[in-house]
Amino acid sequence: MNKHEKMHAVLKEKFGFDDFRPGQAEIISALLENKNALGMLPTGGGKSLIYQMMGYLRPGTVVIVTPLLSLMQDQVSRFNYMGEKSVIALSSLMDAQEKYSVLHHLNNYRFVLISPEMLNQEAVLKAFANININTFVIDEAHTILSWGPDFRPDYLDLPLIHEQLGFPPLLLLTATATKAMQADLMQRFNVPMEQWYVYAQSVDRPNIYLHNEVLDTNADKDDRLTTLVKQIPGAGIVYVSSRKLANTLAEQLKQTTGRHVAAYHGGLDNVARYRLQQQFMQNDLDVIVATSAFGMGIDKDDIRFIIHYHLSQDLASYMQEIGRAGRDNQAALAVLLYVPGDERIQYHLLDASLPTDTMLAQYMDKQIDAASIGVERARLIDYYIAKHLGLEQMQSLFKERRIVRSQALQSMVNYARQPEDLRNYLLQYFDDAPTSLDFESVGPAAFNLNVVGLPAQLAAKNSLPAQHWPDILKQLFK
Amino acid sequence: MDSTFLLTFFSEKQPRRSHVIFAILSQKTTGSTEYWGLRYQLLDWLGLLPKMNKPDFEKVVADLLKERLLYKTEPGLYALTEKGRRAKVAYQAQHYQLKQPADRYLKQTASFMPLFLLANQIVSEYAYRNQHYYPIQVSLKERQLIKSWFRQQDKKQLIDDWREGLVGFLETLPAVDADHLAQTWIGHGLTGLNFDQLQMNPQWTDFDFYLWQLDLYTQLISYIEENLHGQHPMAQLYQLVGPRSYLSDSIKASYEAAKAGQTLPEIAQHRKLKLGTVQEHLLTAAIWLPFAEFPYDSYLTPAVTDYLAQHLTDADIDQWRFNMVRTSDDITEFFLFRLYEIWQTKQEQAHEQA
């Protein structure tokens with residue numbers, strides 16, 4: 001069997017597909033030729049299939065660096081669903097004994113998911129250095145740039161870790177990186193340019209209808225939200241910027257729209273989160289009101305609409321979030337509701353996430369401790385202290401970050417205020433070629449669901465879930 | 001958790017050390033915090049919130065102070081204000097009150113719950129011979145335990161036994177509770193309902209719901225212990241967690257030796273421990289065991305109690321300090337002082353309850 005026959009055989013046997021989606025075969029092929037790859041595929045483009053395939057195409061352990069614990073668990077769950085048992089998430093949830101046991105049997109696993117913080121621990125790194133790494137995958141690789149400098153500094157060490165692991169085949173995956181970001185990512189790794197293979201697809205999702213509205217007041221926005229949720233059929237996500245608001249809005253929408261709505265945020269326990277995800281996937285729930293924690297690991301291809309009640313922190317996040325709609329390639333809808341001044345929330349979050357000059361000075365002078373500035377922030381500063389950065393260097397670094405992130409946020413605000421040509425604004429931001437596609441509108445008056453052409457929805461489930469325990473047991477155990 | 005819930009652990013009459021309350025709730029106790037837990041009658045709450053961290057706890061205490069629900073009597077010691085007392089009463093009236101706090105700890109209900117949910121899901125999917133599903137994500141250790149549990153089961157009997165076990169238990173509950181509990185379960189074609197999707201008490205929060213579940217699963221464990229034979233799949237599942245004791249094996253060994261009449265230096269010598277360690281073991285045993293099970297008389301001789309009673313005259317045991325009775329550097333003096341405090345406290349509390 002030649003390489004391509006083998007790839008197709010594995011695709012069929014393990015995943016039940018006959019054909020690859022654009023980019024998948026190209027990237028896998030390059031990896032099999034021992035190249036390092038940067039894959040930029042739009043959200044929903046089937047990025048995870050690439051490293052899943054690698055696990056079956058050559059020996060060794062596929063190591064997947066993943067930013068979020070919840071995402072890791074979702075991925076493990078998906079592997080389990082596929083029938084793959086040789087997979088483990090090395091996470092902070094493990095106790096010392098569990099971790100020890102996994103590290104001593106690392107090469108027994110075909111897939112290991114891990115956070116950069118965990119991987120950056122000496123004992124962990126040593127264990128990984130001793131195994132045959134099939135592919136070293138950095139999922140959501142743009143986080144190296146967006147989170148590394150001021151939130152999760154261990155991301156900045158990934159190139160060094162790659163080196164310490166003996167330069168295993170590298171795969172960077174992202175859905176949202178501008179050309180400049182792609183170049184920045186690659187040059188951080190100590191890999192000659194000719195050993196890179198880059199596959200970059202446009203970020204555009206032509207099946208997603210874009211619609212923005214600028215409204216006068218929050219009351220207007222609430223009204224519009226209610227109307228839209230009532231009106232747009234199918235499953236949807238409403239993004240907001242706080243847990244509290246997620247709860248309030250979900251309750252409000254439940255009352256006013258009669259649809260099945262629930263709030264989803266980082267404060268939920270594991271089982272509650274599981275139930276909501278499954279309910280959403282099985283269409284028991286229509287609408288999830290969520291903070292950005294929701295959706296990264298969601299495997300639902302028929303989400304029909306995404307409504308942003310608040311701005312995202314930048315356009316890369318915005319593309320990620322709206323990209324969760326319409327993965328079945330049928331028409332879907334992305335609505336951005338904006339009231340002038342909404343950006344204050346995002347600026348506030350931005351300020352709160354960066355250490356101030358005084359804070360830096362006092363912490364380095366040991367006048368205040370980690371608890372009073374927040375453990376994460378202290379960890380960030382400690383990271384730079386360990387890299388021998390002085391106070392002034394750090395102050396100017398964070399000042400620079402504030403500027404960069406404010407600019408990114410400003411682009412988001414500008415998008416929200418665009419009077420027209422939404423898609424080309426986005427494409428231009430990501431250095432993509434302009435399109436002549438006219439699948440968008442601005443303003444409440446221009447909104448017309450018929451133009452979007454959403455696919456017909458299956459009739460809602462009529463049967464109410466069982467209420468009484470004898471019926472529930474019957475359903476559970478036949 | 002609603003921060004007002006923490007008022008449950010404060011009193012308007014007895015100023016209490018916040019760090020003791022934190023140590024008990026998060027199960028990070030020492031001999032000293034356990035003694036104070038006994039004084040505050042809060043030991044039943046051991047380990048209720050194992051994941052709570054100190055900064056978060058301190059922030060809640062600071063908020064309660066700011067809202068004038070608590071006041072500081074001296075550094076680290078707090079009591080309820082009148083407003084705090086009323087808020088505590090109001091909270092208790094509106095929210096779920098854990099009925100079996102001590103059993104919850106001894107039966108390890110919180111560790112049993114995730115195992116039960118996953119086992120229940122696995123049995124349900126097995127009933128449909130379905131292997132294609134998203135399992136509830138649990139820790140690696142829990143997953144391995146469940147895997148070996150499932151492997152051991154007699155597959156011909158599993159589904160019937162499991163179902164019958166559940167029927168037997170649910171029949172012991174009020175119908176409303178049984179319905180609500182079953183509605184939370186996950187299995188084939190059923191995703192289970194979260195608290196806010198169940199039609200329960202609208203004044204409750206997720207935390208009340210958690211406490212409610214702790215009580216019900218504690219009852220399930222009691223049902224398993226009392227009604228199901230050791231080979232029953234549910235009994236085997238519970239054996240993965242098992243009951244626990246307040247006393248470690250080492251403490252038990254020291255206590256048994258003391259009860260059998262060995263002196264403390266003899267125990268220390270036989271068990272190759274420091275005398276201070278043996279004394280700590282016995283103090284821990286005295287704190288946790290019922291009054292009648294500890295040989296107080298062996299240590300608190302009339303001469304000792306007379307001396308201590310003469311020097312510790314304050315009616316409020318909380319005010320007693322070791323330096324009121326100390327005469328030398330002999331560590332046994334502290335052992336006797338603390339044991340006397342425990343002895344007096346237990347009698348006082350028995351008297352109050354009577």
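Me: How many residue pairs are in polar contact between chain B and chain A, both at pLDDT 80 or more?
Reply: This is a predicted model, in which local features need pLDDT of at least 70 and side-chain atom pairs count only at pLDDT 80 or more, while totals for chains, interfaces and linings use all residues. Residues are numbered from 1 along each chain as its sequence is written, chains are lettered from A in the order in which they are written, and side-chain values use heavy atoms, with hydrogens and water left out. A polar contact is a pair of N or O atoms within 3.5 Å, where within protein one must be able to donate a hydrogen and the other to accept it, and residues adjacent in sequence count only if both atoms are side-chain atoms. The count between chain B and chain A is 19 residue pairs.

Me: Which helix of chain B gives the most to the side that touches chain A?
Reply: With helices taken as DSSP runs (H or I, at least four residues) numbered from the N terminus, helix 6 (109–127), helix 7 (140–152), helix 8 (155–172) and helix 9 (175–183) of chain B each supply at least two residues of that side. The one that gives the most, with seven residues, is helix 8.

Me: Which residue of chain B forms a salt bridge with A:D95?
Reply: A salt bridge here is a side-chain nitrogen of Lys or Arg within 4 Å of a carboxyl oxygen of Asp or Glu, and the count between chain B and chain A is one. The closest N and O atoms of the pair are 2.7 Å apart, and the partner of A:D95 is B:K141.

Me: What area is buried between chain B and chain A?
Reply: Buried area is the accessible area (1.4 Å probe) that two parts lose on being put together, summed over both. The contact, meaning heavy atoms within 4.5 Å, takes 42 residues from chain B and 39 residues from chain A. Carbon and sulfur atoms give 58% of the buried area, which is about 3800 Å².

Me: What is the mean pLDDT of chain B?
Reply: The predictor gives the complex an ipTM of 0.92 and a pTM of 0.87. For pLDDT, the predictor's confidence in each residue from 0 to 100, 100% of the residues of chain B reach 70 or more, and the mean is 95.
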